Amino acid sequence: MSVARRSSISSFAAPLTAAPPVENAEALNRMIEEDIRKENARRKEERRREVKVMLLGQAESGKSTLQKQFQIYYAKKSLEGERPCWKPVVYFNIIKAVRLVFNELDYQFSTQGRENQEAPKAIQDQIAELRTKLLPLTALEDSLASHLSGGVTIGSGGRAGAFVRSGWQSLVGGRGSTQNDIRTMEAIARTAEVSSIAAKILASTAKEVQALWAHPSVKLLVHNRKVRLEDSASFFLDEIARIAEPDYVPTTDDILNVRLQTLGVMEHSFPISMGGLSYNWKIFDVGGAYLDEDPKINRIEDSLQLFTAICSNKMLKDAHLVLLLNKTDLLKKKLAQGIEIRKYITSYADRPNVYETAASYFKSHFQQAHKKKDSWRRVLWVHYTSMLDIKATQSIISNVGEAIIRKHIAEIGLT
Ligand SMILES: Nc1nc2c(ncn2[C@@H]2O[C@H](COP(=O)(O)OP(=O)(O)OP(=O)(O)O)[C@@H](O)[C@H]2O)c(=O)[nH]1
Ligand SMILES: [Mg+2]
């Protein structure tokens, strides 16, 4: 942004200072008008080369993960530079999962204990011991959440999670850090300190985290889906030994798996070239946060409502529509565990409880909504995705991205 502004100032200023003296006002006017015309043409060309992508969807649907996949595809180097920034986020994800497990165990013991005093007592003692040993780790949750959220805490006692806004990496010493900004430097130093404390405590308590995660009571909770862990929790808890190493640096899979809610809109731009011309992808990652997530919300219905609203929104009438039905891996996993769709979506009725039927059933609902509500009769591209799968997602980005740019070129070619 600042570069664009600077160049526009210099293009106005140069003729006035460097050119020979202009004798009459008319010639000066013509020069100024010519400069304005050139500047407008430059800006128009810049806009023609800009492809805007807005990521919309409900909370936790994978918008930021898709943004990271775009980054892997178009700007892999920038992701390399950001790796260290993700370290405190990974620690935060682990600590939050550990705390949720303890909370649920407490609840279970308090209700179960009344019925069966003997067996749970021994187990309760084991858990109590692990809790005491892990106290230094769990005590860091609020502090890490607050640092990652730039001092903003939302929800009771900061327990609703960590939220990030545009430019959050600068607060953890990454992209956009300005060395001469005292407050930023202090924030970076404090976050780095909390992150390094978390690393040390995790290194000394990794065995207890492993013991908790492997404990039969916890396995039972997870199996019976009593504890509402985020999708990322089991990934990180399984990987605890690697993450607790002193020289740990987040891998690309770690970065894709972390859960960090987006607050507001985060803008990312990537320069790309196609057909010998360069374009600028501008991606707007719109946070879908329900600040206190309501487990009673039926996410499929909620997504369908949101999609219907997008299709009929007049302000988006010139946008191309791409529908990504994400987390297909989880759908497959849940069906394999025997979860019945009709229990959650009664209209599914007696259809076979298998992936292919379920996937096309959901897809057809979205397609119907599009047909009914899109009065502009736009094409709807639909893809099933599993955004943790790098290879598959990269191929979708390549196909969809190229199709969008081709359409964009065809349209701007006509104007
Ligand atoms: N298993 C699985 N997990 C996924 C997939 N896509 C995203 N996730 C995980 O789901 C969690 C939420 O993803 P985000 O990208 O943060 O979701 P979001 O839509 O940006 O959420 P908000 O910022 O709150 O609106 C993260 O832990 C991701 O790693 C997927 O296809 N499969
Ligand atoms: Mg997000």
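A: Start with two ideas. A residue is near a molecule if one of its heavy atoms lies within 4 Å of it. Helices and strands are DSSP runs, numbered from the N terminus. Keep in mind that this is a predicted model.

Q: Which helices and strands each supply at least two residues of the shell around ligand 1?
A: There are helix H3 (63–74), helix H10 (231–238), helix H12 (252–257), strand E3 (261–262) and helix H14 (328–336). H3 gives the largest share, three residues.

Q: Which residues come nearest to ligand 1?
A: The shell has 25 residues. Lys63, Thr65, Leu256, Gly288 and Met387 come nearest.

Q: How do the residues of the shell divide into nonpolar, polar and charged?
A: Sort each residue by its type. Here six are nonpolar, 13 are polar and six are charged.

Q: What lies close to the oxygen atoms of ligand 1?
A: For a polar contact, look for N or O atoms within 3.5 Å. In the side chain of Lys63, an N or O atom is 2.7 Å from an oxygen atom of ligand 1. A backbone N or O atom of Glu60 lies 3.0 Å from a ligand 1 oxygen. For Asn257, a polar backbone atom is 2.9 Å from an oxygen atom of ligand 1.

Q: How much of ligand 1 does the protein bury?
A: Compare the ligand alone with the ligand in place. Alone, ligand 1 exposes 660 Å². The protein buries 98% of that area.

Q: Now the rings. How many aromatic pairs does the structure hold?
A: It holds 11 aromatic pairs. Take Phe307 and Phe366 as a worked case. Their ring centres are 5.5 Å apart and their planes meet at 65°, so this pair is edge-to-face. The cut-off for that label is over 60 degrees.

Q: Where do Phe307 and Phe366 sit in the chain?
A: Phe307 is in helix H13 (residues 299–312), and Phe366 is in helix H15 (residues 355–373). They are 59 residues apart, and the pair links distant parts of the chain. Both residues are buried.

Q: Why is the pair of Tyr361 and Phe362 edge-to-face?
A: Read the angle again. The planes are at 65°, with the ring centres 5.8 Å apart, so the pair is edge-to-face.

Q: Are Tyr361 and Phe362 buried or exposed?
A: Buried means under 20% relative accessible area. Tyr361 has 9%, so it is buried. Phe362 has 11%, so it is buried too.

Q: Which residues form one aromatic cluster?
A: Rings can also group. Phe70, Tyr73, Tyr74, Phe270 and Trp281 form one such cluster.

Q: Where does the charged end of Lys332 sit?
A: Look for a charge above a ring. The charged end of Lys332 sits over the ring of Tyr355, 4.7 Å from the ring centre.

Q: Where does Gly287 lie?
A: Gly287 is in the loop between strand E5 (277–286) and H13. Its relative accessibility is 24%, so it counts as partly exposed. Now compare sequence with space. Gly287 and Glu60 are 227 residues apart along the chain, and their C-alpha atoms are separated by 9.0 Å.

Q: Where is Lys96 found?
A: Lys96 is in helix H5 (residues 87–112). Its relative accessible area is 10%, so Lys96 is buried. From Lys96 to Ala145 is 49 residues in sequence and 9.5 Å in space, C-alpha to C-alpha.

Methods. Residues numbered from 1 in each chain as written. Chains lettered and ligands numbered in written order. Predicted model: local features only at pLDDT ≥ 70, side-chain atom pairs only at ≥ 80, totals over all residues. Heavy atoms only, no water. Phe/Tyr/Trp six-rings, centres within 6.5 Å; stacked < 30°, edge-to-face > 60°. Helix = DSSP H or I, 4+ residues; strand = E, 2+ residues; numbered from the N terminus. Buried < 20%, exposed > 50% of the residue type's maximum accessible area, 1.4 Å probe, protein only. Lys NZ or Arg CZ within 6 Å of the ring centre and 35° of its normal. Polar contact = N/O pair within 3.5 Å; in protein donor to acceptor, adjacent residues only side chain to side chain. Areas by Shrake-Rupley, 256 points an atom, 1.4 Å probe, with all protein chains shown as cover. Nonpolar A, V, L, I, M, F, W, Y, C, P; charged D, E, K, R; others polar.
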